[in-house]
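Please look over the sequence and the model before reading on. The report below takes up helix packing, the ligand surroundings and some backbone details in turn.

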Amino acid sequence: MIPGPIEFEPAVLAAMAQPTTSHVAPDFVECFGRALDQMREVFLCPDGQPFAVAGSGTLAMDMAASNLVEPGDRVLVVNSGYFSDRFVDIFTRYGAKVKSLSAPLGEAPTAEQVRAALAKEDYRLLAVTHVDTSTGAATDVRGMAAAAREAGALSVVDGVCATAGEEMRQSDWGVDVYLTASQKAISVPPGLALLVASPRALERFRGRRTPVASYYSDWSLWLPIMEAYQERRAAYFATPPVNLVAALEVSLGQILAEGMEARFRRHRLLSEMCKAAMGALGLQLVAKPGFEAATLTAPYYPAGVDASLLGHVGKAGVILAGGLHPEIKSRYFRIGHMGPNTPGDVITTVGAIESGLAAAGYRFEPGAGVAAAQGVLLDRAA
Ligand code: PMP
């Protein structure tokens with residue numbers, strides 16, 4: 001139950017284990033083409049251009065930055081934590097003049113603050129982290145994308161800890177690039193950088209005055225490949241990760257069979273169950289009210305308990321993640337609840353946390369967390 005890589009579905013892992021075909025084999029051409037079509041449906045972006053490339057989420061960030069900014073362009077980074085800092089580094093590397101708009105720990109800047117900041121300079125691009133994996137703070141992507149449009153800036157959103165879990169409607173909300181990685185709510189082992197670009201993003205890319213500085217990220221090399229597979233033709237620039245693409249096609253099929261609306265609701269339910277349980281056990285959350293992500297929960301250790309809690313919880317059968325945000329790293333832990341997780345997984349996790357807390361000498365009413373999680377579930381079912 002860590003915020004990625006998550007535990008994967010057997011059918012997805014079975015697809016990984018199939019004999020590897022040529023990347024130009026007819027079966028693979030069909031499989032890759034279908035996976036790209038499904039990406040548009042999962043991102044709710046029917047007119048977007050999908051890209052699926054071997055690499056991690058950081059490559060997807062690099063692709064968005066290297067293709068969409070030119071030296072001297074102004075970029076505003078909506079900074080909600082650890083991974084927003086990475087955006088600052090990447091955009092700076094490609095020569096952008098970057099300004100970072102920060103918020104107190106556990107919060108994200110609001111759409112109003114972003115609108116005011118955008119009005120001060122002529123920004124070409126707004127970069128947003130949908131869910132900061134270090135704090136569990138979620139950003140108002142809808143409001144940010146609207147503010148970017150009003151200001152004539154492109155919006156690029158890092159959905160690595162959000163896509164296919166957190167509510168997101170790329171076309172309706174006017175997000176220009178939504179990017180992610182395979183290993184979280186997309187529910188495929190690590191190794192795929194995924195993004196969908198809006199027609200506006202491609203127009204900006206086509207109007208570049210300077211070549212893209214990164215060779216591997218350059219959309220002029222990747223676009224003909226993605227278009228070919230979408231038209232069910234084989235094409236080659238760099239060998240695609242055939243087995244990962246096969247697994248992606250299976251997982252996106254499962255996601256769409258559940259349905260995006262049901263999936264958003266389930267993630268919200270898992271999150272509310274987990275957060276209610278932590279509250280009932282007396283644990284404070286890093287993410288402040290109004291900023292809580294649906295995909296993960298980050299509680300502080302209660303008084304008298306330290307990171308050794310995670311070892312005790314592990315002995316009770318559940319693996320959790322430690323802190324990541326440098327300011328509070330040793331003071332909190334993280335619980336991922338995304339992808340195929342069920343309410344039963346959350347209840348099991350809360351039970352294991354209670355066992356761990358008891359082993360760590362923390363005093364609480366046994367079952368209080370489990371009862372709170374169950375209470376949310378039963379309320380929802382009523
Ligand atoms: N952005 C966010 C929000 C993330 O959580 C992560 C990874 N945890 C990344 C970017 C980077 O992705 P990767 O590790 O796959 O390169």
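In what follows, two residues are said to be in contact when heavy atoms of theirs lie within 4.5 Å. The model is a predicted one, and every value given here should be read with that in mind.

## Helices α2 and α10

Helix α2, which covers residues 26–42, and helix α10, which covers residues 242–258, have axes that come within 9 Å and cross at roughly 45 degrees. An angle under 35 degrees would count as roughly parallel, and one from 65 to 115 as roughly perpendicular; α2 and α10 are therefore described as oblique to each other. As for the sense of the crossing, α2 passes α10 in a left-handed manner.

On the α2 side, the residues that meet α10 are F28, C31, F32, R34, A35, Q38, M39, E41 and V42. Their counterparts in α10 are V242, V245, A246, L248, E249, L252, G253, I255 and L256. Sorted by class, this contact of α2 with α10 comprises 13 nonpolar, two polar and three charged residues.

## Helices α8 and α9

Helix α8 (residues 199–206) packs with helix α9 (residues 219–230) at an angle of about 135 degrees, and their axes are 12 Å apart. Because an angle has to be over 145 degrees to count as roughly antiparallel, α8 and α9 are classed as oblique to each other. The crossing of these two helices, α8 and α9, is left-handed.

The contact is formed by A201, L202, F205 and R206 from α8, together with W219, S220, L223 and E227 from α9. In terms of class, five nonpolar, one polar and two charged residues make up the contact of α8 with α9.

## Helices α13 and α14

For helix α13 (residues 343–359) and helix α14 (residues 368–381), the packing angle is about 165 degrees, and the axes are 8 Å apart. Since angles over 145 degrees count as roughly antiparallel, α13 and α14 are placed in that category. The crossing of α13 and α14 is right-handed.

Here P343, I347, V350, G351 and E354 in α13 meet A368, G369, V370, A373, Q374 and L377 in α14. By class, the contact of α13 with α14 has seven nonpolar residues, three polar ones and one charged one.

## Around the ligand

Which residues come nearest to the ligand? There are 14 residues around the ligand, and of these S56, G57, T58, T133 and D158 come nearest.

Some polar atom pairs can be given in more detail. An oxygen atom of the ligand has a polar side-chain atom of S56 at 2.5 Å, while a polar side-chain atom of D158 lies 2.6 Å from a nitrogen atom of the ligand. In the case of K184, an N or O atom in the side chain is 2.9 Å from a nitrogen atom of the ligand.

## Backbone details

Two places in the backbone may also be pointed out. The peptide bond leading from G4 to P5 is cis, with omega near -5 degrees, and P5 is located in the segment before α1 (10–16).

A164, although not a glycine, has a positive phi of about 75 degrees. A164 is found in the loop between β7 (154–158) and α7 (170–173).

Conventions
Residues numbered from 1 in each chain as written. Predicted model: local features only at pLDDT ≥ 70, side-chain atom pairs only at ≥ 80, totals over all residues. Heavy atoms only, no water. Axes fitted to C-alpha atoms, helices over the stretch in contact; angles between N-to-C directions. Helix = DSSP H or I, 4+ residues; strand = E, 2+ residues; numbered from the N terminus. Left-handed = near helix turned anticlockwise from the far one by under 90°. Nonpolar A, V, L, I, M, F, W, Y, C, P; charged D, E, K, R; others polar. Near = heavy atom within 4 Å. Polar contact = N/O pair within 3.5 Å; in protein donor to acceptor, adjacent residues only side chain to side chain.
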